[in-house]
Amino acid sequence: MKALQYRTIGAPPEVVTVPDPEPGPGQVLLEVTAAGVCHSDIAVMGWAAEGFPYELPLTLGHEGVGTVAALGAGVTGVREGDAVAVYGPWGCGTCAKCAEGKENYCLRAEALGIHPPGLGRPGSMAEYLLVDDPRHLVPLDGLDPVAAVPLTDAGLTPYHAIKRALPALVPGSTAVVIGAGGLGHVAIQLLRALSPARVVALDVSEDKLRLAREVGAHETVLSDASAAGAVRELTGGLGAQAVFDFVGAEPTVRTAGAVAAVEGEVAIVGIGGGALPVGFGHLPFEVSVHAPYWGSRGELIEVLALARAGAVSVHTETFSLDDAPLAYERLHAGAVNGRAVILPNG
């Protein structure tokens, strides 16, 4: 089968031919219908050789949907031909967090060498994907694969962050979304669907600010040195009750801290390497700062239900598997408005 692999440190990914996988006991083989392109992959391909955590070559893709092609011995709960989405942050399945469905926070994954597809084990940017356990599959139930695949990360991750902040997002409150790209434009829709808060979107790109307005942002602000002041002015000097930074770089986390209100919530979701100091005098009183990771299995079910209800949709641009390296080039250049999706068998 064809697969997109990261093969050499510092080199671009390549489309190669690899052996077709076969499901062992308890495993499920999917024919991949769509795979999402994410900034996290670019971050992985930017890491230095020293301390690189994964074995190469690595088939990319941690967002995946597909059709069940074959079942390993003992598999129950899914049938050949089922259309399913893949829950990406795999865990051990038995620790306290996994028992809650929070495999994204598995307490034993690192010790056991358990990795998500595309982030340590073969991912979804291939004609077939081997899934370790049927519990990591969620029925699409009529959702279009291209529309659904970004929801497994670009939908689930902001949903998880927003859900925690909902008690603070009362009528009259403000939520700030920093970065209106793949995750951010979904976050805007989720905030509009789940809360009465006024949503203010920040980005450096006028195209992405236009997209933010199209999907429901009440206000948009160019993300520059004056952005924090503009948000403060919009909120009458009080700041925002919740701030979601989907960039996570040093300038954006500073902005996030500068626009947070007293008792506000700041979620640093992006992996841009920035950090926000917490301590007396650094932030308004009782601001909570956290760095969430992905979401639970139950939350993925909830996100897909929101999509079926028409409350959230993802702007997508599709590419063939042969053109997947181009998709990464466009994403790295900031030229993808929304989410790039690879069609391995399209």
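A polar contact here is a pair of N or O atoms within 3.5 Å, where one must be able to donate a hydrogen and the other to accept it. Ser-205 gives us an example, capping the N-terminal end of α7 with a side-chain oxygen 3.2 Å from the backbone nitrogen of Asp-207. Do keep in mind that this is a predicted model.

**Helix α7**
- Helix α7 covers residues 206-214, and its buried residues are Lys-208, Leu-209, Leu-211 and Ala-212.
- Looking down the axis of α7, these buried residues fall within an arc of 155°, so they line one face of the helix.
- The cover over the buried residues of α7 includes α6 (184-194), β10 and β11 (219-222).
- After α7 comes Gly-216, which has a positive phi, near 125°.

**Helix α9**
- Helix α9 runs over residues 250-259, with Thr-252, Val-253, Thr-255, Ala-256, Gly-257 and Val-259 buried.
- Those buried residues of α9 pack against the strands β9 (174-178), β10 (198-203), β12 (240-245) and β13 (260-268), and against helix α8 (227-234).

**A nonpolar surface patch**
- Val-262, Phe-280 and Phe-285 make a nonpolar surface patch of about 410 Å².
- Phe-280 sits in the loop between β13 and β14 (288-290).
- Phe-280 counts as exposed because its relative accessibility is 77%, and the cut-off for exposed is over 50%.

Definitions and conventions
Residues numbered from 1 in each chain as written. Predicted model: local features only at pLDDT ≥ 70, side-chain atom pairs only at ≥ 80, totals over all residues. Heavy atoms only, no water. Buried < 20%, exposed > 50% of the residue type's maximum accessible area, 1.4 Å probe, protein only. Helix = DSSP H or I, 4+ residues; strand = E, 2+ residues; numbered from the N terminus. Contact = heavy atoms within 4.5 Å. Patch = residues over 30% accessible without salt bridge, like charges linked within 9 Å, V, L, I, M, F, W, Y side chains within 5 Å. Areas by Shrake-Rupley, 256 points an atom, 1.4 Å probe, with all protein chains shown as cover. Salt bridge = Lys/Arg side-chain N within 4 Å of Asp/Glu carboxyl O. Arc of directions from axis to C-beta.
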